[in-house]
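Here's a quick briefing to read alongside the model. Have the sequence and the 3D view open as you go through the points.

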Amino acid sequence: MGPAKIMGIVNVTPDSFSDGGEFLDPQRAIAHGRELAAEGADVLDVGGESTRPGAAGVTAEEELARVGPVVDALAGDEGPPVSIDTSKLAVAEAALEAGAAMVNDVTALRSESELAGLCAEHRCEVVLMHMLGDPRTMQENPVYDDVVDDIKAFLAERIDFAVSQGIEEERIWIDPGIGFGKNVEHNLELHRRLGEFSDLGRPIVFGSSRKSFIGRLTGAEVDQRLGGTIASNVIAYANGAAMLRVHEVAPMREALTVADAILQPDP
Ligand code: HH2
């Protein structure tokens, strides 16, 4: 097994927690996606709806207006495959038709009943992420019996559901959903015990880039969390993550090269 894949984040939103508004103009988002591709991203994750704690929802029309031109352009490049970060059927459908190869759904196919069938039909890759509650309420007071066991049980159920809808198991990725209904200690425990998710038999996507637990630990503002992001992702990789979803691809690529040389020495 080589190093983990890097998923570069391309936000086309006015209010993402990490870079809201920076790339709302489609041309800027496209240019940003191309930069991340040049830095070595293996996948570009295009999103038009912020899921940060407390974020307001957005209509499918609005979301599609944001991401449509960006997916069109990036999927038309020779570059890395495009993932669409959405929970909406209409947005996923347009993106898949424009050439997206992956649907990254933070609700794990719970938002729109037909999304699973659409993914099955297109034979795209699918990311199933855990979230407790919804973005408006998820950080209020998350409680688990056992954070890892509870999330594993949820993901096992969502894998069964996806397969029952015709999605091939080989196309499914799982994600514990760092920051989605988790307090700082939950997030840290998920790093330490990430290896337990390998029992589910599917590759793990990990998304901690710039998230608030890093700010809580370091005091750093959201765009100053690269050091914490690197530490978090290297530990996740060491504990079995197969895909790292990050804002800053080049430094993550460097860190992974070093981590990989340490963890997987040439025989
Ligand atoms: N986190 C966010 C969005 N999508 N997808 C996956 N699979 N895993 C994640 O951890 C994840 C995700 C965070 O939400 P948002 O507020 O949109 O910010 P950003 O996209 O800048 O990370």
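What do the buried residues of helix 4 pack against? They pack against helix 3, strand 4 (102-105), strand 5 (125-129) and helix 5. Before going further, note that this is a predicted model, where local features need pLDDT of at least 70, side-chain atom pairs count only at pLDDT 80 or more, and totals for chains, interfaces and linings use all residues. Residues are numbered from 1 along each chain as its sequence is written, and side-chain values use heavy atoms, with hydrogens and water left out. Helices (H or I, at least four residues) and strands (E, at least two) are DSSP runs, numbered from the N terminus.

**Helix 4 and its partner**

- The buried residues of helix 4 are L115, A116, L118, C119 and A120, where buried means under 20% relative accessible area, exposed over 50%, and partly exposed in between (1.4 Å probe, protein chains only).
- Helix 3 (residues 89-97) packs on helix 4 (residues 115-122) at an angle of about 10°, and their axes are 10 Å apart; axes are lines fitted to C-alpha atoms, for helices over the stretch in contact, and angles run from 0 to 180 degrees between N-to-C directions.
- That angle makes helix 3 roughly parallel to helix 4 (under 35 degrees counts as roughly parallel, over 145 as roughly antiparallel, 65 to 115 as roughly perpendicular and the rest as oblique).
- Helix 3 brings L89, A92, E93, L96 and E97 to the contact, and helix 4 brings L115, L118 and H122; contact means heavy atoms within 4.5 Å.
- By type, the residues of this contact are 5 nonpolar, 1 polar and 2 charged (Ala, Val, Leu, Ile, Met, Phe, Trp, Tyr, Cys and Pro count as nonpolar, Asp, Glu, Lys and Arg as charged, and the others, Gly among them, as polar).

**Helix 6**

- V184, H186, N187, L190 and H191 are the buried residues of helix 6 (residues 184-192).
- Looking down the axis of helix 6, you'll find its buried residues within an arc of 165°, so they line one face of the helix; the arc is that of the directions from the helix axis to the C-beta atoms.
- The cover over those buried residues includes helix 5 (147-164), strand 7 (204-206), helix 7 (212-218) and helix 8 (226-238).
- At the N-terminal end, N183 caps helix 6, with a side-chain oxygen 3.1 Å from the backbone nitrogen of E185.

- K152 sits in helix 5 and counts as buried at 15% relative accessibility.
- Leaving aside residues up to four places away in sequence, K152 touches E196, F197, D199 and L200.
- R158 is also placed in helix 5, and is buried with a relative accessible area of 8%.
- Again not counting residues up to four places away in sequence, R158 touches A108, L109, R110 and L128.

**Loops and positive phi**

- L109, in the loop between strand 4 and helix 4, has a phi near 70° and is buried at 3% relative accessibility.
- R210 lies in the loop between strand 7 and helix 7, with phi near 60° and a relative accessible area of 10%, which is buried.
- G79, in the loop between helix 2 (60-76) and strand 3 (82-85), is partly exposed at 41% relative accessible area.
- G79 and A37 are 42 residues apart in sequence but 6.4 Å apart in space, C-alpha to C-alpha.

How values were computed:
Polar contact = N/O pair within 3.5 Å; in protein donor to acceptor, adjacent residues only side chain to side chain.
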